[in-house]
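Please study the sequence and the structure shown here.

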Amino acid sequence: MPRILAIDYGQKRVGLAVTDSEQIIASGLTTVHAKDVMSYLKQYLTKETVSAFVVGEAKNLDNTPAGSARFIEPFVR
C-alpha cells in the first residue's frame, strides 16, 4: 500500500513525516532546508510510492491564519 507524506512547511526548514506501508502509524522522516525540499521529495518519490500529501496549515491559537501561512500557499501550488 502506498504511503502518506506529511509536510510541515517553514521558511527555513521543512519537516517531513510519512506513514508506514500499512498507513497506520506516521513517523518523522527528516527535516530539510526549504530551498532543498523539492529536490528531496523528487528523490524520495523515486524510491517510495506515495498516495497522498498532507500539508499543515499555520494557525494561531484563535484559529486565524498565522503570519507564515502566506508562504505555505505558494509552496502548495
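## Accessibility of E48

In this predicted model, E48 counts as partly exposed because its relative accessibility is 28%, and that class lies between under 20% for buried and over 50% for exposed.

The side chain of E48 forms a salt bridge with the side chain of R3, at 2.9 Å from N to O. This pair connects distant parts of the chain: R3 belongs to strand β1, whereas E48 sits in the loop between α1 (37–47) and β4 (50–55), and the two are 45 residues apart.

Strand β1 covers residues 3–9 and includes R3.

Which residues is R3 in contact with, leaving aside its neighbours within four places in sequence? They are V18, T19, D20, S21, Q23, Y44, E48, T49, V50, S51 and A52.

## Other salt bridges

The structure contains four salt bridges. One of them joins the side chains of K35 and D36, with an N to O distance of 3.3 Å. K35 counts as exposed because its relative accessibility is 71%, a value over the 50% limit. D36 counts as partly exposed because its relative accessibility is 30%.

A further salt bridge is formed by the side chains of R77 and E73, at 2.7 Å from N to O. R77 counts as exposed because its relative accessibility reaches 72%.

## Overall architecture

How many helices and strands does the protein chain have? Its secondary structure consists of two helices and four strands. Along the sequence, these elements follow the pattern β-β-β-α-β-α. Taken along the principal axes, the C-alpha atoms fill a box of roughly 35 × 25 × 20 Å.

Of the contacts in the protein chain with a separation of 6 or more, 35% are between residues 24 or more positions apart.

## Surface and charge

The protein chain has 77 residues, and buried residues make up 23% of them.

Among the side chains of the protein chain, 9 are positive and 8 are negative. The centres of these two sets lie 10 Å apart.

Note on methods
Residues are numbered from 1 along each chain as its sequence is written. This is a predicted model: local features need pLDDT of at least 70, side-chain atom pairs count only at pLDDT 80 or more; totals for chains, interfaces and linings use all residues. Side-chain values use heavy atoms; hydrogens and water are left out. Contact means heavy atoms within 4.5 Å. Buried means under 20% relative accessible area, exposed over 50%, partly exposed in between (1.4 Å probe, protein chains only). Lys and Arg count as positive and Asp and Glu as negative; His and the chain ends are not counted. The place of a charge is taken as NZ of Lys, CZ of Arg, CG of Asp or CD of Glu.
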